[in-house]
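Subject: Structure for you to look at

Hello,

Here is the structure I promised to hand over. Please open it beside this email and follow along.

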Amino acid sequence: MHVAVLQFPASNCDQDCVHAVRVLGHTANLVWHKDTSLGAADAVIVPGGFSYGDYLRCGAIARFSPVMQAVIQFAAQGGLVLGICNGFQILCEAGLLPGALIRNRDLQFHCEQVYLRTLQRDTAFTSRIPETSVLKMPIAHGEGCYFADEPTLKALEAGRQILWQYTDALGQATDAANPNGSVQNIAGICNARRNVAGLMPHPDRASETLLGTDDGKYIFQSMVAALQKA
Amino acid sequence: MHEPAITPELVQKHNLTPDEYTKILTVLGRPPTYTELGIFSVMWSEHCSYKNTRPLLKTFPTKGANILVGAGEENAGIIDVGDGLAIAFKIESHNHPSAVEPFQGAATGVGGIIRDIFTMGARPVAALNSLRFGELSNPEVRRLFTGVVSGIAHYGNCFGIPTIAGEVYFDKSYEGNPLVNAFALGVLRHDQITRGAARGVGNPVFYVGPATGRDGLAGAAFASQDLTEESAEQQRGAVQVGDPFMEKLVCEACLELLATGAVAGMQDMGAAGLTCSTCETAARAGTGIEIELNLVPQRAPNMSSYEIMLSESQERMLIVVTKGREEEVKRVFEKWDLPWAEIGVVTDTGRMVVRHGGQIVVDVPAAKLADEAPIYFREAKEPAYLAAVRAFRLDGLADTTNPGQDLPKLLADHTIASKNWVYRQYDHMVRDGSIVCPGSDAAVIRIKADSVPVLRADMDPTANVDKYVAFTVDCNGGYVYLDPYEGGKAAVAEACRNLACTGATPVGATDNLNYGNPHNPEIFWQLKESVRGLADACRAFNAPVTGGNVSLYNQRGALGSIDPTPTVAVVGVIADPAHITTQWFKKEGDVIILLGAPIDLADPLQGLGGSAYLRAIHGRKTGTPPRLDLDQAVALHEAMRALIYGGRVKSAHDCSEGGLIVAVAESCFSQQIARETHRFIGATLDLTAFSDGREDALLFGETQNRIVISASPVDAGKLLAQAAALGVPAHLIGQVGGDTLTVKTARGTFSAPVADLHDPWWNSIARVMA
């Protein structure tokens, strides 16, 4: 798998994404936000960070960048696009994913490990996640509270697009396990076509046991499996 | 432009003494212009010149085989970590700005220290901070605490640096004058070290970063006087506003710029902004520098030369470019959409010349301004309060009758309690290098290929990049107050002990000296004595000081001076990642061994002087703090590392505030697996053999040089023998297992469920802040 990792001026997880992809035996390169082409990429990762400083609203400016036009086209052709943290926010702002991410309910930034339950395994991002396990991955965000109106939520449920929920260690989506107030403990979703996904937790920071957890690898492995099938 | 006439009142307003003004007349051979007066006042402030402390700072050990850039040479020291790689690190204070405007004050403190690191050509990869506040029962203190923590979080998180370690103490002495000391560490190769020198006569001087505004006018001078209600109010304008997004762009652009090879010198505009960066770069290179202020990007109309030169607008850099290579530099600025301007040229005159619209407004000898600030040997007098401190004895203080009640109280003490409310707000995992996160004795990061700045085209990639670096910051200001010399020693020893527990060997230290007004001989005595302690300890542990910062005048009106607080960050390396050790117990059935003496019976206070126990349980802040024998400390740390290298140590946690039982309790419950998910593991201690002293001293005394380790029972004998052979007392004191912490002494037994002990420790700060 060769991954294009977008680089906005204040992306700060761009190198982490490249590192994680390489650690898992694949290749990746950075694509500058002013570029209009993604090159020969099998998949795209929109990484975490603060894109353009995010003083207006997270991801609000990034969606207008030249490279995002290329990403929109790539997604329209069925290409795999994964948004992590700020990348998830950008994909929502760009309209590639429904809903929005707003300030955490306690108004504080949260950096901590969380548990995730995977709700759907028939996607390019989840097929290799073991059936029985909850995943452990870190979050690091101030605006990760997923919000969508009732019709959108209904559509997400009907389309089985809610991929991950914040849970406790036993996989229960309790309120205490919800770090930011996301509706239905939603941590990540995909689009109706199932080729674009976003999540607030960081699989890129969870790909080596040395860093405390390597559960993030399942998401990247799922993408590889999907590409091999295609 | 009309400038005010220089009068004695104006000189005094600039915080310059008549003698200092006379020295300015001698340096210039004429009266200064208004702008020059402003320039001398900031450059000769304590913040920039160390005029009150330079003789003391000279007593620090600063030499070492691994030191590539030493203390005072540049913006930050640099230490060799092998394989052609090096680390740059430094700590700096932003106390007064944070007292006035906590969010921006702390945020710009982080911004400033990050700039000091990438100015050296290093990529900033880790941050930590050392904070002091008054007591959280005071709503104003809670406001400051909230503001400082969110300011640090805002800047560091957006920039993308893991804020991975730190310490916070709460004491009334910091009520009106909190301390915010920020540390950053960067990585670079030896051949990437950049100098803040204006080299090459005829080379153009570039300004990059946002436009200069009226914010932060003369912040360095503000930081070098007592904080009063009026000054705080008036000086709100001296607090700068930070933009971490801009800093990220400037950092990436500068590192890319250095990779072009077109940069002859680089310096950030920190304290004293354009003034400091121009005269220091010229002074370092032995050249001169000439700039035109009309070329400097300006945010406000009609700014005077005084304002432009003294502004501390943030995120600005001064870059000296090799003549003829300007286009390469401009390309990088444009890629990152950064404002830039060519503002001047390097000259051979040795003078710093500033023109404004062609007219000369400043013409001073750069080296004399930068390096020849007056030096003061202040009067030192032993503080009167120390007589009562030394006379304090335990006779009137009944021994504890209910240690089971004391323990949760101590664990809930805000200084001892978990700082999760703080560090959860800091992104401490960005950059994929955080191996030991906040919550253990010292943080450990991994340096990897992408930690190194962009390489020049002619550089071969580094063969072996992976390095493991540990760091921590410590200072028990209460100890320093009660015995400045011992307290200074203890600060360094605790930091080095924390590193030893992690498996790391110290390679260098950076210190931040926070004190009251040095004109007060009692304050200066505190300063002098504690520096002596720091220096002796740094020598003993082979941790040379590579730089740091001095912050004086930390006092506010009737609230008086802060406790003398020389915070010390020590950095260490771990050769083999298998040696990285954490503080929490690992397995049921493991044995618990205490390295060091259970109690120091030679100390009349048995380790209770200045202890958290005396303060939190008895409301007393007094008594000579426990002695720290440096030879024993060195032996303990060497032994700790040797035991870890032997592969038999499963956990190691140093005894500090709260003593032995707090250390053991923390070993039982401090492992956090994930949000709302903690690992609790009980322990049973048998301390009946140590019945010679007081019960409270045995349990909660802070006798120095002690570490609690755990190991498999089959290894216990070997570890005890090995420790003895290395000259360190070692005692088997208990076993890991069960759900309770149970402690048996000669006087009885107390026991509590680990979960019940964890709750006050984990939640006490969050509860008071809710």
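The sulfur of B:Cys475 is 12 Å from the closest cysteine sulfur, in B:Cys538, and that is too far for a bond. A disulfide here is a pair of cysteine sulfur atoms within 2.5 Å. B:Cys475 is also buried, at 0% relative accessibility. Buried means under 20% relative accessible area, exposed means over 50%, and partly exposed is in between, with a 1.4 Å probe and protein chains only. B:Cys276 is another case: its sulfur lies 4.7 Å from the closest cysteine sulfur, in B:Cys48, again too far for a bond. B:Cys276 is buried too, with a relative accessible area of 9%.

Some ground rules before you go on. This is a predicted model, where local features need pLDDT of at least 70, side-chain atom pairs count only at pLDDT 80 or more, and totals for chains, interfaces and linings use all residues. Residues are numbered from 1 along each chain as its sequence is written, chains are lettered from A and ligands numbered from 1 in the order in which they are written, and side-chain values use heavy atoms, leaving out hydrogens and water.

Now chain B as a whole. It has 27 helices and 30 strands. These are DSSP runs, numbered from the N terminus: helices are H or I with at least four residues, strands are E with at least two. The radius of gyration of chain B is 26 Å, close to the 27 Å that the globule rule gives for 770 residues, so chain B is as compact as a globular protein of that length. The radius is taken over C-alpha atoms, and the rule is 2.2 Å times the number of residues to the power 0.38. Along its principal axes, the C-alpha trace of chain B spans about 85 × 60 × 45 Å.

Buried residues make up 67% of the 770 residues in chain B. Take the contacts in chain B between residues at least 6 apart in sequence: 85% of them join residues at least 24 apart. Contact means heavy atoms within 4.5 Å. Chain B has 66 positive and 88 negative side chains, and the centres of the two sets lie 1 Å apart. Lys and Arg count as positive, Asp and Glu as negative, while His and the chain ends are not counted. Each charge is placed at NZ of Lys, CZ of Arg, CG of Asp or CD of Glu.

Next, helix 1 of chain A, residues 14-23. Of its 10 residues, 7 are buried, so this helix is largely enclosed by the rest of the structure. Among the buried ones are A:Asp14, A:Cys17 and A:His19. What covers them includes strand 1 (2-7) and helix 5 (217-229) of chain A, together with strand 15 (443-447) of chain B. After the helix comes A:Gly25, with a positive phi near 90°.

Most residues other than glycine have a negative phi. Which way does phi of A:Ser51 go, positive or negative? It is positive, near 30°. A:Ser51 sits in the loop between strand 3 (43-46) and helix 2 (66-76) of chain A. It is buried, at 1% relative accessibility. Leaving aside neighbours within four places in sequence, its contacts include A:Phe8, A:Asn86 and, from the other letter, B:Phe245. B:Tyr50 also has a positive phi, near 55°. Find B:Tyr50 in the loop between helix 4 (46-49) and helix 5 (54-57) of chain B.

Two last stops in chain B. B:Ile644 is in helix 23 (residues 630-645) and is buried at 4% relative accessibility. Beyond neighbours within four places, B:Ile644 is in contact with residues including B:Ala500, B:His579 and B:Val649. B:Gly596 lies in the loop between strand 22 (591-595) and helix 22 (612-618). B:Gly596 is buried, with a relative accessible area of 4%.

Best wishes
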